[in-house]
Structures are given as C-alpha cells and as structure tokens.
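The sequence and the structure are shown first, and the description follows.

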Amino acid sequence: MKKQSFNPDDLTLTKQEILQFCDRVLEKWGKDPDINAAPLLAMNAVKTSVVWTDDDSLKAIWNEILKWVFELLYENAFSNDDESWGKMMKKLKNKKQSFPL
C-alpha cells in the first residue's frame with residue numbers, strides 16, 4: 001500500500017488538543033474579562049461545540065476551516081493597499097514571533 005503524503009489541510013489534532021487550545025485562549029482573555037467579555041462568551045461557545053461534536057463531524061468542520069484560513073489570512077494581510085509586499089511580510093513575521101499561543 002502506498003504511503004499517503006502529508007496534507008496540511010487535514011486535521012491531525014485530537015479533540016483534546018483543540019480543547020486545550022480553547023483553554024489557552026480563554027486563559028489569555030480571562031486576564032481582562034471586562035474588555036474581553038464578548039470574545040470570552042464566543043470562545044466558550046466554540047469550546048462547548050467542540051465538546052458536543054462527534055469526532056468525524058469535528059474533523060470535517062476543522063478540515064474546512066484549515067482549507068480556508070490561509071486564503072483568509074492572505075486576503076486580510078493584503079487588504080491594506082498602502083503596504084508594500086516587503087513591509088507586509090516583515091509585519092507578519094514579527095506578529096508570528098510575538099504570538100504567545
């Protein structure tokens with residue numbers, strides 16, 4: 001049987017790992033609940049939906065999210081027309097290095 005190649009669009013994270021990610025975000029936003037009340041509520045809803053969703057459905061949903069996230073990030077990064085390619089790439093690199101999750 002031929003070994004399947006890596007596909008970055010396929011979810012390999014477990015439900016538990018996704019829940020741990022949700023917990024890290026909730027912990028970060030929970031440090032300032034007055035400012036983050038709406039995002040905290042929304043992330044709790046995301047976490048609850050992950051808990052209630054069966055593994056096959058969860059995989060299907062997150063596969064779609066992963067397929068679209070790179071396109072959305074690209075479109076978002078270049079939606080500001082006054083930025084050059086070099087400046088935008090430097091900002092993206094710096095943002096990646098400063099993201100605590």
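Contact here means heavy atoms within 4.5 Å. With neighbours within four places in sequence set aside, methionine 43 is in contact with Phe21, Cys22, Val25, Leu26 and Trp29.

The model is predicted: local features need pLDDT of at least 70, side-chain atom pairs count only at pLDDT 80 or more, and totals for chains, interfaces and linings use all residues. Residues are numbered from 1 along each chain as its sequence is written, and side-chain values use heavy atoms, with hydrogens and water left out.

The predictor's confidence in each residue is given as pLDDT, from 0 to 100. The protein chain has an average pLDDT of 81, and 74% of the residues score at least 70. Helices (H or I, at least four residues) and strands (E, at least two) are DSSP runs, numbered from the N terminus. The chain contains four helices and zero strands, in the order α-α-α-α along the sequence.

| Element | Residues | Mean pLDDT |
|---|---|---|
| Helix 4 | residues 85-98 | 68 (lowest) |
| Helix 2 | residues 37-52 | 96 (highest) |

Where pLDDT is low, the predicted coordinates should not be read in detail.

Residues count as buried under 20% relative accessible area, as exposed over 50% and as partly exposed in between (1.4 Å probe, protein chains only). Of the 101 residues in the chain, 16% are buried. A nonpolar core is a set of buried Ala, Val, Leu, Ile, Met, Phe, Trp, Tyr and Cys residues joined through side-chain atoms within 4.5 Å. The largest such core has five residues: Cys22, Val25, Leu26, Leu40 and Met43. Helix 1 (15-30) and helix 2 each supply at least two of its residues, and the largest share, three residues, comes from helix 1.

The axes of helix 1 and helix 2, lines fitted to C-alpha atoms over the stretch in contact, come within 10 Å and cross at roughly 165 degrees. The two helices are therefore roughly antiparallel to each other, a term for angles over 145 degrees. Among the residues that meet across this pair are Lys15, Ile18 and Trp29 in helix 1, and Asn44, Lys47 and Val50 in helix 2.

Proline 39 lies in helix 2 and counts as partly exposed, at 30% relative accessibility. Between proline 39 and leucine 26 there are 8.8 Å in space, C-alpha to C-alpha, and the two are 13 residues apart in sequence.

Notes:
Axes fitted to C-alpha atoms, helices over the stretch in contact; angles between N-to-C directions. Parallel < 35°, antiparallel > 145°, perpendicular 65-115°, else oblique.
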